[in-house]
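Hello,

Here is the structure I said I would pass on. My notes on it follow below.

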Amino acid sequence: MNDLVPELDNFQQKIDDEQRIEPKDWMPEKYRLNLIRQMSQHAHSEVIGMQPEGNWISSAPSLYRKIVLLSKVQDEAGHGLYLYSATETLGITRAEMNARLQSGESKYASIFNYPSLTWADVGAIGWLVDGAAIVNQVSLQRTSYGPYARAMIRICKEESFHQRQGYDIMVKLAEGSPAQREMAQDAINRWWWPSLMMFGPHDSDSVNSQQSMKWKIKRQSNDELRQKFVDQTVQQCEILKLELPDPDLRWNEERQHYDFGEIDWDEFYQVIKGNGHCNRDRIKHHVKAHKEGAWVREAMTAYAGKKAQRKDAA
Amino acid sequence: MTEPDNLSTYVLRLADDAMVLGQRISEWTSNSPNLEEDIANSNVALDYLGRARMLYAYAATMLNTTEDDLAFMRDARQYTNLLMHELPKGDYAFSTVRQFFIDSFDVLYFEQLIHSGDAQLAAIAAKTFKECQYHVRRSRDLMVRLGDGTDESNSRMQTALDELWGYRHELFMDDELETELQQQGVAITRADLQPKWDAAIQDCLTEATLSIPEADWTVSGGRAGVHSEHLGHMLDDMQCLHRSHPGVTW
């Protein structure tokens, strides 16, 4: 059938040859739309992800922690901006993407619908949530769309700092007072399973996966990436002498991987559907900032217009 | 903690100014009008918080305590920042005008403080002066764009000017302690900076199509720990976690 569309053969050949697709190259409409969906969702996740941690900037427990956290949240804004720009190369504007986020048409990582309740959550988010994100993003450094792959290379460098700052917070809490240890364990208990859910449904249940693998938008399957994350995290948790909340977690000599318990997929779909603590708060926060800033953006545009006019007149 | 002398009191004043304003600016993170402004605000907040840390750390060596004790264990009555720094962030116009007033002052102040007879203060001032130069470039640029933008933005900026105008006097007040330190070649005479500051503000307002407020008034008291009602609440939020776990490390 592909004979009818020779471009499609060329396109697939390029992908099979591990060449990158660039903005001006021919691409199937479905490839473009699939990328817009995935990349804008990624950008939204960076921006919405600023909220649960941003929640702790004002009350961080030391000056050092305050500065590190603020830098980290600033990085997330930078990642968002970078990813929105990369997505714009596919023929959609940032304003359109914003509107889709606010209307609920476009998604963000569902994990940010969980609340950050204590300072230890800042550590757990950095360690586990960013840790899971990195496993996924390292794989995406080889994604077939050039601007996305290059964005990932840059973003991964910063994300690994983020994960280290999160783990460093956990180390200090784990070595600290009984109350600090308890705070750390409680955060792990609440963030562990949602972190595993971040990789998405099992391969057998994943709707978007097969085509994405063929086009090399995705390079490794959800279950492969999830296993990689579990394997690296178990050892890190042992160093903390804290527990991951899974009685089925154990080393499997034969598979050379850790076995782990079944994820509560009902919870996963419930939170996606809107039954998380913060689904409404996150969007409300975003809409509020956007609305309150409307006059600023309008003024900047108006001033730029006046300036251009004056330049023309001169 | 050792009893503070003139120098450590002076360093603490400058530290409190930076701390309180840095905390306020950081409230824009994830709340700014767009991502570009969000990133810029976080950057400026980081500069202020970094400055606060350097100054607290210096004061801590003189007072035999730690930077965190100075930031987190003192109450509002013990904070000695100038009032303008602590006011709630308001709308973007309010934060922009406040920032421009303070940046315009700081760039003059720290340029002089580089010549302080106190080597540590001079070194901190040298780093701070560099940051102030790009802060004022940004806040002046925003003043013009928002002043000469739309009718709404112009009106919001004028309102912010009116609301902040009376707080400027405190920037230029020299008390006995600072006068003594000036005579020793350590501190800067604030009053001397006013003509240049006035000129810089006038020059910017003209370009921004804004006017000097007609009504003038003066509120002061920050150096004596007599603050607005807002500072206590800000410190409650900032210090609560630190104080809830005495003696631990984070």
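A:Asp121 is buried, because its relative accessibility is 0% and the cut-off for buried is under 20%. A:Asp121 forms a salt bridge with A:Arg190, with the closest N and O atoms 2.8 Å apart. The pair joins distant parts of the chain: A:Asp121 sits in helix α6 and A:Arg190 in helix α8, 69 residues apart. A:Arg190 has 24% relative accessibility, so A:Arg190 counts as partly exposed. Please keep in mind that this is a predicted model.

In chain B, B:Arg140 takes part in two of the pairs I looked at. With B:Asp203 the closest N and O atoms are 2.8 Å apart, and B:Asp203 lies in helix α9 while B:Arg140 lies in helix α6. With B:Glu207, also in helix α9, the N to O distance is 3.0 Å. B:Arg140 is partly exposed at 23%, as are B:Asp203 at 45% and B:Glu207 at 41%. Elsewhere in chain B, a network of salt bridges links B:Arg13, B:Asp17, B:Asp175, B:Glu178, B:Arg190 and B:Arg223. Over all chains, the search finds 37 salt bridges.

Now the interface. Chain A and chain B bury about 4000 Å² between them, and 67% of that is on carbon and sulfur atoms. Chain A brings 45 residues to the contact and chain B brings 47. Three salt bridges run between the two chains; one of them pairs A:Arg310 with B:Asp148, at 2.8 Å. There are also 16 residue pairs in polar contact across the interface. On the side of chain A that touches chain B, α4(A) gives the most, with 14 residues. By class, that side has 25 nonpolar, 12 polar and eight charged residues.

Regards

Technical notes
Residues numbered from 1 in each chain as written. Chains lettered and ligands numbered in written order. Predicted model: local features only at pLDDT ≥ 70, side-chain atom pairs only at ≥ 80, totals over all residues. Heavy atoms only, no water. Contact = heavy atoms within 4.5 Å. Buried area = accessible area lost by both parts, 1.4 Å probe. Salt bridge = Lys/Arg side-chain N within 4 Å of Asp/Glu carboxyl O. Polar contact = N/O pair within 3.5 Å; in protein donor to acceptor, adjacent residues only side chain to side chain. Helix = DSSP H or I, 4+ residues; strand = E, 2+ residues; numbered from the N terminus. Nonpolar A, V, L, I, M, F, W, Y, C, P; charged D, E, K, R; others polar. Buried < 20%, exposed > 50% of the residue type's maximum accessible area, 1.4 Å probe, protein only.
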